Amino acid sequence: MIRNIRKYCIISRLLFCMLLMITAFTACTKDNELATAMDNHEYAYVYQDIDIPSVEGKVICSYFDKNYYIVTAQEDKTYLNIYDSASNENRTISLKLGDKERIRTLIVKDKIIAITEDEGDIYYIVVIEEDGSESERVLLEGVDEYGFNRLIADDEGRIYFSNSTDIQVYDKNLRFLGRIDGEDRIISIAVGNSEIIRAIIQKGDDSYIGAADYWLCSIDINQMKIKKEMKLSKEPADGKVMLDTNKYDACIRMDDGLYIVKSGKLQKEFDYNCSYVTQMESNNLINTGEQEFALVVSEKGKCIIRKYSRANENVFEKKTIITLGCFGDSSQLSQTVVDFNKNSDKYFVEIVDYGIDKNGAARFNLELTDGRGPDVFCLGGYQSLDNLRIKGMCENLNTYIENDEEIKKSDLIDSYVNAIDYNGATYMVTDSFTIETLVTRKNEYLSDYNCSYDEFAGYIGNAGENVALTYPNLPRMDMFVAFSELSLRYCIDYDKAKCDFEIPEIKNLMKLCYDEGIDTMEFDMSELTESDFINAYKNGEALFLTSPTLGSMKRIEKIFGDDICFCGYPGAGCFFRPTKEICMNANSKNKDIAWEFIRIFLTEEHQAQIAAEDGDVIPTRKDSYEALKVRLTAKEDFTDAYGNEIKALEEIVDTEYIKYYDNLIEHTDKYIDLNFYLEEILYDEAAAYFNDEHDLDTTVELMENRVNTYLKEQR
């Protein structure tokens, strides 16, 4: 039975996501036929920056149709800037929007048309006049949980609004013409060459690796139907998927670059990394001509048009190239890579994404073994530091840290340093982490930070009838993942290639999940509200939260008040979860250069940026952690030492709760190094138990046998 490993990894953090009220993301499966570093250079673009005069505010969105149309916002005002690149003239219009209304996107087709959103998450299509006023407005219906995909218009002025389930068509006067139902999920729509409206649809369930297919389609406006044209050989990126174009049949945004469709074939056109574009920036790329693209960005208080054209020579021939391997999500690395490449005259880091599936992992291992592997790699998916460490594939970074003039281990949080230590060696670094622990109300049963299973069971047993472990209660399998994923590694001895799942904690926990979990594999949290969530814990209907962050301590305060217990996981304690696991290839021929890149993640400047932007991860540096605490407790806006503008929170975190988190960090002594191969084995066998296919003893025996076989194969 093929299990959905990616889904289980997400569900292990499900309660954390509900606490923060954010949407869980799904990693993308990659095409395994990846171009080599040198091949990607033929898709490199060079850029030229053009400062736009007299633009006020930060760029919100942009559009190109002979002129650039740029929406900016400053304080409570929104502006439309119309920039003529031929004359270098800009005209600024102050937009007259409703109170607390904001523009999400705009298009220009004879008229200026925008989608706006008000404070109540109500969406409208609005026609904007030259003086900034609106002449027409229509309420949009069907903006579902996925939001909207695109707003486009054809050469006859018809307007198309797309969400995940249908495409709504209006005439140029915003009269409703009809609805095109998507039999499958609609990912995106865009205008293609010859003004053909094209769409990408997804067939199948993308929560299963490789189970979804993606098709490029055309829109038949006369029959109001979507017609399939070609199956895509790659999975599109998240975010803005298609770019409007009048030069190609279609222009599609993938994780590694822009791909075009010409004569029925999908081909790469623009490589992000070689063109110094981050994945986040790639969301805002626009096509301005054949082999011409642009970004409109706010940079150092200026509005800049960054115009890209195809490089006519190898712009990297004077640089030493090192490779950075990753597994399924290079977006969190791309900003650091692009900044490094821009600022270095000598070196260039090339990203090689091996994908999240087994084929990519097999390719990575083969290349690592025969000496062709990346100089640096960020672990994930089916890769494990423990596996690579025992094979001698990971470099001990201690010497590099000791010889670094700026970075010292004493700069880093002590308990984190101790947790990643392997008998005096350091094989992995990260710039930030979260902490995995169970959180509940202070009680007489549970020890802080490292409760035993007996304490855990006693607390649950005395909580009363109909009290759930979590709110909402999870299916058996998902509960087992959430409560066991972290501790399973510590039942495995990689060095001896042995495991022991006969310990009482594992068996008892499986039995507990069987008894307490929902007897279904389905889970629906669509009706969950934040107030429902908070009240369930305040009223004693549910016991445990998971994955507390410093930024979420305000919500935890509302739930538990001053009576907080970080009890850890039963028999396992509390865990650091690195946001990245960055390692150096022990066989790299460019180790000194590799360290020049790796060290960036440990610098104060890099981690100060994390402290300035994110309250849900903790920087690994002590000074950056202190900077984060200053930001979360600041009562007024300020600018930090690196020029980051810090906005005071509407609800600041009380210093008393920061002390709780300080103590939690101090008492966390392990870190999580996940391995999808092992999880696939464990969850496959656990599912058989939860589905009454095997009894508990048989399940544990099968787990042990399969894991021991796997460990022996890895040596």
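This is a predicted model: local features need pLDDT of at least 70, side-chain atom pairs count only at pLDDT 80 or more; totals for chains, interfaces and linings use all residues.
**View 1. Helices α19 and α20 side by side.** Here we look at α19 (676–690) and α20 (696–713). Their axes come within 9 Å and cross at roughly 165 degrees. On the α19 side, the contact is made by Y677, L678, I681, L682, D684, E685, A686 and Y689. On the α20 side, look for L696, T699, L702, M703, R706, V707 and Y710. Sorted by class, the residues of this contact comprise 11 nonpolar, 1 polar and 3 charged.

**View 2. Helix α12 against α19.** Helix α12 spans residues 504–516, and its axis comes within 10 Å of that of α19, with a crossing angle of roughly 50 degrees. The two helices are therefore oblique to each other, and their crossing is right-handed. From α12, the residues in the contact are M510, K511, C513 and Y514. Helix α19 brings A686, Y689 and F690 to the contact. By class, there are 6 nonpolar residues and 1 charged residue, with no polar ones.

**View 3. D692 in the loop between α19 and α20.** D692 sits in the loop that lies between these two helices. With a relative accessible area of 54%, D692 is classed as exposed, because the cut-off for that class is over 50%. Not counting residues up to four places away in sequence, D692 touches R476 and Y514. For a sense of scale, D692 and G239 are 41 Å apart in space, C-alpha to C-alpha, and 453 residues apart in sequence.

View 4. If you are looking for disulfides, the structure holds 0 of them. For C378, the nearest cysteine sulfur is that of C326, 7.1 Å away. C378 is buried, with a relative accessible area of 5%.

**View 5. A cis peptide bond at P472.** The bond joining Y471 and P472 is a cis peptide bond, with omega about -10 degrees. P472 is located in the loop between α10 (453–461) and α11 (476–488).

View 6. M224 is not a glycine, yet its phi is positive, near 55 degrees. Its place is in the loop between β16 (213–220) and β17 (225–231). At 22% relative accessibility, M224 counts as partly exposed. Y276, another residue that is not a glycine, has a positive phi of about 60 degrees. Look for Y276 in the loop between β21 (265–271) and α4 (279–282). With a relative accessibility of 15%, Y276 counts as buried.

Key:
Residues are numbered from 1 along each chain as its sequence is written. Side-chain values use heavy atoms; hydrogens and water are left out. Helices (H or I, at least four residues) and strands (E, at least two) are DSSP runs, numbered from the N terminus. Buried means under 20% relative accessible area, exposed over 50%, partly exposed in between (1.4 Å probe, protein chains only). Contact means heavy atoms within 4.5 Å. A disulfide is a pair of cysteine sulfur atoms within 2.5 Å. Axes are lines fitted to C-alpha atoms, for helices over the stretch in contact, and angles run from 0 to 180 degrees between N-to-C directions. Ala, Val, Leu, Ile, Met, Phe, Trp, Tyr, Cys and Pro count as nonpolar, Asp, Glu, Lys and Arg as charged, and the others, Gly among them, as polar. Angles under 35 degrees count as roughly parallel, over 145 as roughly antiparallel, 65 to 115 as roughly perpendicular and the rest as oblique. A crossing is left-handed if the near helix is turned anticlockwise from the far one by less than a right angle, and right-handed if clockwise.
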